[in-house]
Amino acid sequence: MGPKFDPTAVTVVYVRTVGGEVGAVSSLAPKIGPLGLSPKKIGDQLSKATKDWKGLRVMCKLSIQNRVATVTVEPSAASMIIKALKEPERDRKKVKNVAHDGNLTLDQITDIAKALRAKSGAREMSGTMKEVLGTARSVGCTVNGMAPQDIIGQINSGELTIEPYEVVEAS
């Protein structure tokens with residue numbers, strides 16, 4: 001038998017789930033069962049927390065302390081871009097391989113980059129912008145009516161300047 005479980009310790013578990021849906025309890029059970037939590041209850045909590053992201057796959061952070069879980073949604077760049085496109089909800093079991101061919105403004109891309117700045121590996125805000133623009137390219141949308149790689153070229157050449165933005169660490 002392993003060491004006794006410490007109830008004051010905070011355990012963090014990351015789960016990727018489809019927004020607004022109760023996921024497969026069988027996939028949650030091995031992750032949270034040993035922590036003394038009910039997978040069905042956690043599945044319901046996840047679906048409540050992700051109802052704004054209906055139909056999109058988002059990463060959720062479960063902070064578990066004293067057998068009580070708190071759910072925080074940590075969306076990726078792709079899910080934020082698809083949400084910003086304001087596409088109609090779709091049934092993911094019936095409609096497959098959707099082309100996301102909308103158009104976003106540079107301000108929307110900047111807002112997404114600011115939200116992802118803490119998770120980004122880039123040293124400067126322009127690097128984070130390029131990461132988000134690359135994701136926009138892979139999603140298949142345009143930015144200001146142009147291809148995202150053209151805007152990345154403008155940032156690299158200096159035609160388009162990105163103001164610095166640093167995230168204040170919460171302590």
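A residue counts as buried when its relative accessible area is under 20%. Ser63, at 19% relative accessibility, therefore counts as buried. The structure discussed here is a predicted model. Its protein chain has 171 residues, of which 34% count as buried. The secondary structure consists of 6 helices and 5 strands, and these follow the pattern β-α-α-β-β-α-β-α-α-β-α along the sequence.

**Overall properties**

- The accessible surface of the protein chain amounts to about 10600 Å². Carbon and sulfur atoms contribute 52% of that surface.
- Among contacts in the protein chain with a separation of 6 or more, 59% are between residues 24 or more positions apart.

**Strand pairing**

- Strand E1, residues 10-18, pairs with strand E2, residues 57-65, in the antiparallel sense, over 9 bridges. Within this pairing, Val15 stands opposite Cys60 in E2.
- E2 is also joined to strand E3, residues 68-74, by 7 bridges, and E2 and E3 run antiparallel. Gln65 has Val68 in E3 as its bridge partner.
- The hairpin of E2 and E3 has 2 residues between the strands. In this hairpin, Asn66 takes a positive phi near 55°.

**Residues of E1 and E2**

- Ser63 is located in strand E2. Leaving out residues up to four places away in sequence, Ser63 touches Val10, Thr11, Val12, Val68, Ala69 and Thr70.
- Val13 is located in strand E1. Its relative accessible area is 11%, so Val13 is buried.
- Val13 and Leu62 are 49 residues apart along the chain, while their C-alpha atoms are separated by 5.1 Å.
- Apart from neighbours within four places in sequence, Val13 is in contact with Lys31, Leu35, Cys60, Lys61, Leu62 and Ile64.
- Ile64 touches Ala9, Val10, Thr11, Val13, Ile32, Leu35, Leu37 and Ala69, again without residues up to four places away in sequence.
- In a regular strand, side chains alternate between the two faces of the sheet.

**Nonpolar surface patch**

- A nonpolar patch on the surface is formed by Val10, Val12, Tyr14 and Met59. Together these residues have about 340 Å² of accessible area.
- E1 gives the most to the nonpolar patch, with 3 residues.
- Met59 is found in strand E2. Met59 has 30% relative accessibility and therefore counts as partly exposed.

**Nonpolar core**

- The largest nonpolar core contains 38 residues, of which Ile42, Leu62, Ile64, Ile81 and Ile109 touch the most other members.
- Two or more residues of this core come from each of E1, helix H1 (25-32), helix H2 (39-49), E2, helix H3 (77-84), helix H4 (106-116), helix H5 (125-139) and helix H6 (148-157).
- H5 supplies the largest share of this core, with 6 residues.
- In soluble globular proteins, nonpolar side chains tend to be buried together.

**Helix H3**

- H3 is mostly covered, since 6 of its 8 residues are buried. The buried residues are Ala77, Ser79, Met80, Ile81, Ile82 and Ala84.
- These buried residues pack against E2, strand E4 (103-104), H4 and H5.
- Lys86 follows H3 and has a positive phi, near 50°.

**Thr110 in helix H4**

- Thr110 lies in helix H4. With 14% relative accessibility, Thr110 counts as buried.
- Excluding residues up to four places away in sequence, Thr110 touches Met125, Met129 and Glu163.

Technical notes: Residues numbered from 1 in each chain as written. Predicted model: local features only at pLDDT ≥ 70, side-chain atom pairs only at ≥ 80, totals over all residues. Heavy atoms only, no water. Pairing = 2+ DSSP bridges. Helix = DSSP H or I, 4+ residues; strand = E, 2+ residues; numbered from the N terminus. Buried < 20%, exposed > 50% of the residue type's maximum accessible area, 1.4 Å probe, protein only. Contact = heavy atoms within 4.5 Å. Areas by Shrake-Rupley, 256 points an atom, 1.4 Å probe, with all protein chains shown as cover. Patch = residues over 30% accessible without salt bridge, like charges linked within 9 Å, V, L, I, M, F, W, Y side chains within 5 Å. Salt bridge = Lys/Arg side-chain N within 4 Å of Asp/Glu carboxyl O. Core = buried A, V, L, I, M, F, W, Y, C linked by side-chain atoms within 4.5 Å.
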